[in-house]
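Student: I have a new model open and would like to talk through its fold with you. Could we take it piece by piece?

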Amino acid sequence: MTVQIERIAIPTAHGTPLGVTKYSSPKHKERTIVVSSATGVLQQYYSKFAQYFASQGFIVYTFDYSGIGESLVSTKSLTTFEGDLKSWGSIDQATVIDYAKYEYEHHTITLIAHSIGGQLLGFNTNYRLIDKAVLVACQSGYWKEFRGIHRYKMWLFWYFLIPGLTPLFGYFPAKKLGLFENLPKRMVYEWASWGRKEAYMMYFENKTDYFFDAFKIPILSLSFHEDPFAPQNTVDWLARVYTNSKVTRVHHDKTPQERSAKHFGFFKSAYKEVFWERTHQWMLNNTYQ
């Protein structure tokens, strides 16, 4: 089935538009997917995944968070961007959900969140428009929840790299470190404050902008063997935060027939039969086998 790809700019409360890509096919069914990226990962990374589901009859939207990729005005704007990390959920993710519902009012919407995208879901002011969610390696970032060398790497990230480098550049220069896209100053400071707390983002819970317990939808939470950024226990933690949802929690151990996807493999086409088709079935009938 032919997949059509369309670039869209959607206005936001930030005052700058979000760069959004829409994937569709002529004979789409009444189902929509919104993909919410990992921190600093460009939406292009999810293109193969989006094209596959568009070919299966879904309308699929990917987007870059404010200050990232096609939603970046300039490097200088990273120093003055007023949004914090929560606003990536309450404004950016919520805006794309609202736009998707506006375009296809009668479609069901599944949010597929990668890593921090599943944390941001709890701040989404349009959470009532979401029918299902798939959390792919979505976790707590509290440094003591990690093991071995990765615990020290997380400590270094929260206590040294972010507070040490951000003031020098006016933003977090992640690209210079070979990590991911550069991040806005205010956003990265809030992220670091979470990472230092055992309760992570929930330490700062405010009932006016935290909606984690308001979700009453089916959620599929996936984790993967040897994932250095989202160990099984950290993914378990986030799954428990959605207290009123029916969460299907699946951890993939490595088998002789299956290479470990770790943190990023799920969205690679090599895992289509291993993960994409199972996820497709879960979205249709709540079974993941």
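Student: Which residue in β8 does Ser 221 stand opposite?

Tutor: Happy to start there, and keep in mind that this is a predicted model. Strand β7 (residues 218-224) is joined to strand β8 (residues 246-252) by seven bridges, and the two run parallel. Across that pairing, the residue in β8 opposite Ser 221 is Arg 249.

Student: Which handedness does the β-α-β unit of β7, α6 and β8 have?

Tutor: The unit runs from β7 through helix α6 (residues 232-241) to β8. As for its hand, the unit is right-handed.

Student: Which strands stand at the edges of the sheet?

Tutor: Eight strands form an open sheet with mixed pairing, in the order β1-β2-β4-β3-β5-β6-β7-β8. The twist averages 20° from one strand to the next. Two strands have a single partner each, so one side of each is left without a neighbour in the sheet: these are β1 (4-10) and β8.

Student: In β4, what is the bridge partner of Val 34?

Tutor: Strand β3 (residues 31-36) and strand β4 (residues 59-63) are paired in the parallel sense, with four bridges. The partner of Val 34 there is Tyr 61.

Student: At about what angle does α1 run to β2?

Tutor: Helix α1 (residues 47-55) lies across β1, β2 (18-24), β3, β4 and β5 (108-114). Relative to β2, its direction is at about 40°.

Student: How many nonpolar residues does the contact of α2 with α5 have?

Tutor: From α2 come Leu 85, Lys 86 and Trp 88, and they meet Met 187, Glu 190, Trp 191 and Trp 194 in α5. No residue there is polar and two are charged, while the nonpolar count is five.

Student: Which helices do the buried residues of α5 pack against?

Tutor: Eight of the 11 residues of α5 are buried, leaving it mostly covered. Among them are Met 187, Trp 191 and Trp 194. The helices they pack against are α2, α3 and α4.

Student: What is the relative accessibility of Ala 137?

Tutor: This residue lies in the loop between β6 and α4 (149-169). Most residues other than glycine have a negative phi, yet Ala 137 has a positive one of about 55°. Ala 137 counts as buried, with a relative accessibility of 0%.

Student: And what is the relative accessible area of Ser 115?

Tutor: Ser 115 sits in the loop between β5 and α3 (116-120). Its phi is positive too, near 55°. Ser 115 is buried, and its relative accessible area is 8%.

Technical notes
Residues numbered from 1 in each chain as written. Predicted model: local features only at pLDDT ≥ 70, side-chain atom pairs only at ≥ 80, totals over all residues. Heavy atoms only, no water. Contact = heavy atoms within 4.5 Å. Nonpolar A, V, L, I, M, F, W, Y, C, P; charged D, E, K, R; others polar. Pairing = 2+ DSSP bridges. Right-handed = clockwise from strand over helix to strand, strands pointing away. Axes fitted to C-alpha atoms, helices over the stretch in contact; angles between N-to-C directions. Buried < 20%, exposed > 50% of the residue type's maximum accessible area, 1.4 Å probe, protein only.
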